[in-house]
Amino acid sequence: MIMGKLKQCWSSVLAVLAMVVIGTGAVPITYLQSAVAKGAVCLDGSAPAYHFDKGFGSGVNNWIVHMEGGGWCTDVASCIKRKGTMKGSSKFMNKDFGFSGILGGKQNTNPDFYNWNRIKVRYCDGSSFTGNVEAVNPANKLFFRGARVWRAVIDDLMAKGMKNAQNAILSGCSAGALAAILHCDTFHAILPRTARVKCVSDAGYFIHGKDISGGSYIQSYYSKVVALHGSAKSLPVSCTSKMRPELCFFPQYVVPSMRTPLFVINAAFDSWQIKNVLAPTAVDKRKEWAKCKLDLKKCSAAQLKTVQGFRDQMMRALSPIHSTPSRGLFLDSCHAHCQGGSAASWSGAKGPQVANTKISKAVGNWFYGRSAFQKIDCPSPICNPTCPAISTDE
């Protein structure tokens, strides 16, 4: 009898521990060692990696592949620096990753996707998963293989059950969200014809915008990324057949010819773009924008007018989204970047809303065809009281 009670007690303890582990949303890392032989490796030559939380119940044949963000490297020096971090090598990646927001495993915070197969693809190539250079310079030992990494991960997931997908989403945050746009149609083509396949970009709609000098620093920046990583052959042919490859890093030129439905989550006053597209340090020689671009409350009246002008540029760049009913848009007026990665901003009571709708509901309704959603927030950076403090999910 005593042994029976001890077993019962121990079972209860294990059950509680299991609940604690599940509650944290910590998902262990998977190193894709088989990809190394294919040359699909991180900047330093290490194996690519992802985190995989298996689907259950009604979601067992549904898949969401979410790509991590983290900027780009534009030259050998910045890539060498990057390969000594988790953004360039799987050797430095954390072994567990907490899933939340669009990847969350709780029904109350992620009702439409909580029981899907949910995958976080780690970002370690510095090119939004577009690089593909065969040669490796022995002097720097850098591998520019982002496109191969993406395909190796997708092929591995197909073998693990994604080939039977009924519903699927390719998504990402920031540089990973740009990758979701660039690889969207290919992802759709790989999956079963019977599957419902759509893509979601969270803070990945980087615009071909003018900076405070009147030039386009971001274009020259992307030109360096594309040249260094050999990205041209990995970008959508529907775009590169019409314009220079570096321009095909801008969603506004890729989206018009996309065949797969896309939902764009973005802030009109995107904090990364205000800082790096509108007022990059390289252009702001006298550092007049140093405070303003980090906190819009510290902008002068003239600077606020320029910031407002950036929103106008964003609106024009988003015209390909408006032109197609199957595309979705949640454009809030927050000064934020990546808003779908945490439960608080994805579906929380204090998360951002547009047209009295939270991000999770807008995306869920759009994906399942319950209702269309293309909503644009009020026009000023202080007009929406639901905007949280700047989000830095990635």
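**Entry 1: Asp185 and Arg259**

I started with aspartate 185, which forms a salt bridge with arginine 259; their closest N and O atoms are 3.9 Å apart. I am working from a predicted model, so each distance in these notes is a computed one. Next I checked where the two partners sit. Aspartate 185 lies in helix α5 (residues 184-190), while arginine 259 belongs to the loop between α8 (251-254) and β8 (262-267). The pair links distant parts of the chain, 74 residues apart.

Arginine 259 has 66% relative accessibility and counts as exposed, because that is over 50%.

I also noted a network here: salt bridges with shared partners join Glu68, Lys87 and Arg122.

How many salt bridges does a search of the whole structure find? I got 10.

**Entry 2: Arg118 and Asp53**

I then looked up arginine 118, whose side chain meets that of aspartate 53 in a salt bridge at 2.8 Å, N to O. This pair, too, links distant parts of the chain: arginine 118 is in strand β5 (residues 117-121) and aspartate 53 in strand β2 (residues 49-53), 65 residues apart. For burial, I read 2% relative accessibility for arginine 118, so this residue counts as buried. Aspartate 53 is partly exposed, with a relative accessible area of 27%.

**Entry 3: Lys160 and Asp156**

Lysine 160 came next, in a salt bridge with aspartate 156; I noted 3.3 Å between the closest N and O atoms. Lysine 160 has a relative accessible area of 42%, which means partly exposed. For aspartate 156 I have 17%, which means buried, as the limit is 20%.

**Entry 4: His51**

My last stop was histidine 51, which is found in strand β2. At 0% relative accessibility, histidine 51 counts as buried. What does the side chain of histidine 51 reach? I found the backbone oxygen of valine 27, at 2.8 Å. A polar contact of 3.0 Å also joins the side chains of histidine 51 and arginine 122, and Arg122 is a member of the network I noted in Entry 1.

I listed the contacts of histidine 51 too, leaving aside its neighbours within four places in sequence. Among them are Val27, Pro28 and Ile29, then Asn94, Lys95, Asp96, Phe97 and Phe99.

How values were computed. Residues numbered from 1 in each chain as written. Predicted model: local features only at pLDDT ≥ 70, side-chain atom pairs only at ≥ 80, totals over all residues. Heavy atoms only, no water. Salt bridge = Lys/Arg side-chain N within 4 Å of Asp/Glu carboxyl O. Helix = DSSP H or I, 4+ residues; strand = E, 2+ residues; numbered from the N terminus. Buried < 20%, exposed > 50% of the residue type's maximum accessible area, 1.4 Å probe, protein only. Polar contact = N/O pair within 3.5 Å; in protein donor to acceptor, adjacent residues only side chain to side chain. Contact = heavy atoms within 4.5 Å.
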